[in-house]
Amino acid sequence: MTKPSLPDLLHAAVSAVGGTERPGQVAMAEAVAEAIDDNTHRLIQAGTGTGKSLGYLVPALAHGERVVVATATLALQRQLVERDLPRTVDALHPQLRRRPQFAMLKGRSNYLCLHRLHEGAPQDEEEGLFDQFEAAAPTSKLGQDLLRLRDWADETETGDRDDLTPGVSDKAWSQISVSSRECLGATKCAYGAECFAEAARERAKLADVVVTNHALLAIDAIEGAPVLPQHEVLIVDEAHELVSRVTGVATGELTPGQVNRAVKRAAKLVDEKTADSLQTASESFERVMELALPGRLEEVPEDLGYALAALRDAARNVISAMGATRDKSVQDEDAVRKQALAAVESVHAVAERILLGSEYDVVWYERHDRFGATLRVAPLSVSGLLREKLFEDRSVVLTSATLKLGGDFNGVAASLGLSAEGVEGEDAPVWKGLDVGSPFDYPKQGILYVAKHLATPGREGTRGDMMDELAELIEAAGGRTLGLFSSMRGAKAAAEELRGRLDNPILLQGEETLGELIKAFAADPKTCLFGTLSLWQGVDVPGPSCQLVIMDRIPFPRPDDPLMSARQKSVEQHGGNGFMAVAATHAALLMAQGAGRLVRASGDRGVVAVLDPRLATARYGSFLRATLPDFWYTTDRNQVRRSLAAIDAVAQADGK
């Protein structure tokens, strides 16, 4: 039998999901197939509306080897598993003569733990265990969540937190879940045979396509203990997020509260002297942290060094002692021991890592009004880790609507540990970049307006001229505005000011769940939605409810961000341009994502307004503009008001 052609397979899949074939999607599918066949790598930029999920799924399924698809957002994971994959598999089955299997796999703490549910959670109190369902008042929000979880446990087939609707608080979920470090293991656990996390792993081992998230991909790469099944092809969707997710997984932290919990959990399992030494070290660490000022620690101060050394040594002794003792008076001793060991090992690992003082790590203090000080340690760069762990022994395709920054792929490639495109070295992974464009006609559908006449934004203080501009633009647009702010303080200040000035309802991130806010914003064209980081990337509202996207300023990282400033300094020490490589690249990525909120369908029209004159006047402005969609560009404030009023009039005439 002749092998079915890729165009025929793609046509069948697109028809099955009710879509339209697009040239960009065909070009993408061909590039993915070529990369898999040649065992090479691709960076593919595919604009909104390309249909990139099918662009990579069809060639991957046709090839027949196991493929792992890693995404950043829950929404895309669900779309793949609940919509795209079932329909695509059904559509390709007649031509492939096989029915590829697919499965979702997440980290262990995403699944309900039956042992924790039935036996209770080890607590910090002296009695060791208590029934969290009895202890939480049934009338409290926590009590209600826990009772609902107990009922859900009897009916769920997956135990996956994301299948629970509506969701529950992190506090409630933590009562019935465990981390991989706390897990007893299927062979030791009385509920091992029914374990949801183990069942998910078994399904993944049998699947042709495994859908997971960036965090689990990072854990698989960093910790050396394989979590994902062996695979020949890796597809990283929303790849612009990968570096920050991997950095998050590779970041360690210590807080006095965390150390104190480890002390309490270990105390009942070791002799008094060993427990006391950890308690004393914990108190010393707490005293140092009370005086901690936010900022980077270029060197570990002497007082912190002593406290960390005492913590490390005491934690090591506790770990050794725990391995040698047994105490049958402790109820469910294995679970209590495992949780205590996980807590103490985490303290030991972070203290030791900071004391080692690697030149490749950045250490800093953070201070939170409610939670006090935190000590953090993160890798200066994850590019070496990604280069070594990601690109060996498999073909890797990285795709996103935003991979070309300033006009080429090299900035993103460097962050992933790749050489510049076309540069081949001894151990340099071979890759090609491809921009398949977008089905949208950006110059006709959108305007990029830069408010060149405004004052340059400073670090602090209200911007009266910016508020006036914001109000005038929203009035011209008749509402329909998504306000993207570089800080929560800026978003709140603008919401407060404009609620007093305008008749339009202004929704503010944090005043309701994100899902509810987006639903309310989409339902009423007169409404505006203001917020910060998650709105720059997480809003998909096609149609007339979102016809004006406003960015209050270029979203450079804060100058006092310890990790970003350390990365910038490192680039400069190696002869590069730290500002362009780190700060401008960070801003470009966010601005491209933010601007991408405007045009989500072929009928969408509108304006992206940047209320920061530097986009028009600064030398780096052209780099940032080259990263944005190819909208018609203007700095004429009167022209943009007329355009917004005209777009509003058309929408009103259509009754929207």
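A word on ground rules. Because this is a predicted model, local features need pLDDT of at least 70 and side-chain atom pairs count only at pLDDT 80 or more, while totals for chains, interfaces and linings use all residues. Residues are numbered from 1 along each chain as its sequence is written, and side-chain values use heavy atoms, with hydrogens and water left out.

Let's begin with the sheet. It is open, has 4 strands in the order S8-S11-S10-S9, and pairs antiparallel. Helices (H or I, at least four residues) and strands (E, at least two) are DSSP runs numbered from the N terminus, and two strands pair if DSSP finds at least two bridges between them. Strands S8 (252-254) and S9 (295-296) are at the edges with a single partner strand each, so one side of each has no neighbour in the sheet. S8 is joined to S11 (residues 372-379) by 3 bridges, and Glu 253 sits opposite Arg 376 in S11.

Is Glu 299 buried or exposed? Its relative accessible area is 66%, so Glu 299 is exposed; the cut-offs are under 20% for buried, over 50% for exposed and partly exposed in between, with a 1.4 Å probe and protein chains only.

Now please look at helix H20, residues 488-501. Ala 491, Ala 494, Ala 495 and Leu 498 are the buried residues of H20. Down the helix axis they fall within an arc of 105 degrees, so they line one face (the arc is taken from the directions from the axis to the C-beta atoms). Those buried residues pack against helix H19 (464-477), strand S16 (506-508) and strand S17 (528-531), with contact meaning heavy atoms within 4.5 Å. Arg 489, Glu 496 and Gly 500 are exposed on the other side of H20.

Arg 499 meets Glu 511 at 2.9 Å, N to O. Glu 511 is in the loop between S16 and helix H21 (514-523) and Arg 499 is in H20, so the pair ties together parts 12 residues apart in sequence.

How many salt bridges are there by this rule? The count is 35. One of them pairs Glu 34 with Lys 432, with the closest N and O atoms 3.5 Å apart. That pair links helix H2 (residues 23-38) to strand S13 (residues 431-435), 398 residues apart. Another joins Asp 162 and Lys 106 at 2.5 Å between the closest N and O atoms. Here Lys 106 is buried at 5% relative accessibility, whereas Asp 162 is partly exposed at 23%. There is also a network of salt bridges linking Glu 469, Glu 472, Arg 637 and Arg 641.

Last stop: Gln 445, in helix H18 (residues 442-445). Gln 445 is buried, at 5% relative accessibility. Its side chain reaches the backbone oxygen of Ser 602 at 3.1 Å. Gln 445 also touches residues including Phe 440, Val 599 and Arg 605.

How values were computed. Polar contact = N/O pair within 3.5 Å; in protein donor to acceptor, adjacent residues only side chain to side chain. Salt bridge = Lys/Arg side-chain N within 4 Å of Asp/Glu carboxyl O. Lists of a residue's contacts leave out its neighbours within four places in sequence.
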